[in-house]
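Here is a short briefing on one protein chain. Look at the sequence and the fold before you read on.

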Amino acid sequence: MVISLEPPFNFLHAYEGSTIKQDFTKWLQRKPIVRLNIGAGSDVREPRKEWINIDGLPLPTVDVVADVSNLNMFPDECADSIESNHCIEHCGTWKTSLNVL
């Protein structure tokens with residue numbers, strides 16, 4: 001079996017013992033510039049070689065499917081820039097929203 005180190009990486013349905021975190025880390029390390037588009041929806045950023053489109057829905061244009069209030073799969077200080085438009089209102093309560101910030 002060949003493991004693909006290409007998106008999408010679905011962290012919502014990752015099971016314990018899966019290699020998704022390791023595969024994702026290898027894929028992330030290959031990127032010279034990392035730009036995160038959090039809560040991308042269908043509003044993706046191109047070129048994909050720089051932008052990582054993150055959303056809670058497994059849309060065809062999303063690279064990482066994850067709960068945007070928990071992005072622990074990204075190492076600290078890994079991103080060169082972060083963009084998030086119209087996302088915070090989908091993060092639950094106002095306390096959860098503040099924690100995301």
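Predicted model: local features only at pLDDT ≥ 70, side-chain atom pairs only at ≥ 80, totals over all residues.

Residues are numbered from 1 along each chain as its sequence is written, and side-chain values use heavy atoms, with hydrogens and water left out.

**The whole chain**

- The protein chain has two helices and five strands. Both are DSSP runs, numbered from the N terminus: helices are H or I with at least four residues, and strands are E with at least two.
- Along the sequence, the pattern reads β-α-β-β-β-β-α.
- Of the 101 residues in the protein chain, 36% are buried. Buried means under 20% relative accessible area, exposed means over 50%, and partly exposed lies in between (1.4 Å probe, protein chains only).
- Take the contacts in the protein chain with a separation of 6 or more: 40% of them join residues 24 or more positions apart. A contact means heavy atoms within 4.5 Å.

**The sheet**

- Five strands make an open sheet, in the order β1-β4-β3-β2-β5, with parallel pairing. β1 (9-10) and β5 (81-83) are at the edges with a single partner strand each, so one side of each has no neighbour in the sheet.
- Two strands pair if DSSP finds at least two bridges between them.
- β1 pairs with strand β4 (residues 64-65) in the parallel sense, over two bridges. Here Phe9 stands opposite Val64 of β4.
- Strand β2 (residues 35-38) runs parallel to strand β3 (residues 51-55), and four bridges join them. Ile38 has Ile54 in β3 as its bridge partner.
- β2 also runs parallel to β5, joined by three bridges. In β5, Glu83 stands opposite Asn37.
- In a regular strand, side chains alternate between the two faces of the sheet.

**A buried polar residue**

- Asn53 belongs to strand β3. Its relative accessibility is 0%, so Asn53 counts as buried.
- The side chain of Asn53 makes a polar contact with the side chain of Asn37, at 3.0 Å. A polar contact is a pair of N or O atoms within 3.5 Å; within protein, one must be able to donate a hydrogen and the other to accept it, and residues adjacent in sequence count only if both atoms are side-chain atoms.

**Helix α1**

- Which residues of α1 are buried? They are Ile20, Asp23, Phe24, Trp27 and Leu28. Seen down the axis of α1, these buried residues fall within an arc of 135°, so they line one face of the helix. The arc is that of the directions from the helix axis to the C-beta atoms.
- The buried residues of α1 pack against β1, β3 and β4.
- Ile20 sits in helix α1, with a relative accessible area of 16%. Asn10 is ten residues away along the chain, and the C-alpha atoms of Ile20 and Asn10 are 7.8 Å apart.

**Aromatic rings**

- How many aromatic pairs does the structure hold? There are two aromatic pairs. One is formed by Phe24 and Trp27; this pair is tilted, with 5.9 Å centre to centre and 40° between the planes.
- Rings of Phe, Tyr and Trp (its six-membered ring) pair if their centres lie within 6.5 Å; planes under 30 degrees apart count as stacked, over 60 as edge-to-face and the rest as tilted.
- Phe24 and Trp27 both lie in helix α1 (residues 20-29), three residues apart, or about one turn of the helix.
- Trp27 is buried at 5% relative accessible area, and Phe24 is buried at 0%. The rings of Phe24 and Phe74 have centres 5.1 Å apart and planes at 90°, so this pair is edge-to-face. The pair links distant parts of the chain: Phe24 is in helix α1, and Phe74 is in the loop between β4 and β5, 50 residues apart.
- Phe74 counts as buried, at 9% relative accessibility.
- Ring pairs join Phe24, Trp27 and Phe74 into a cluster.
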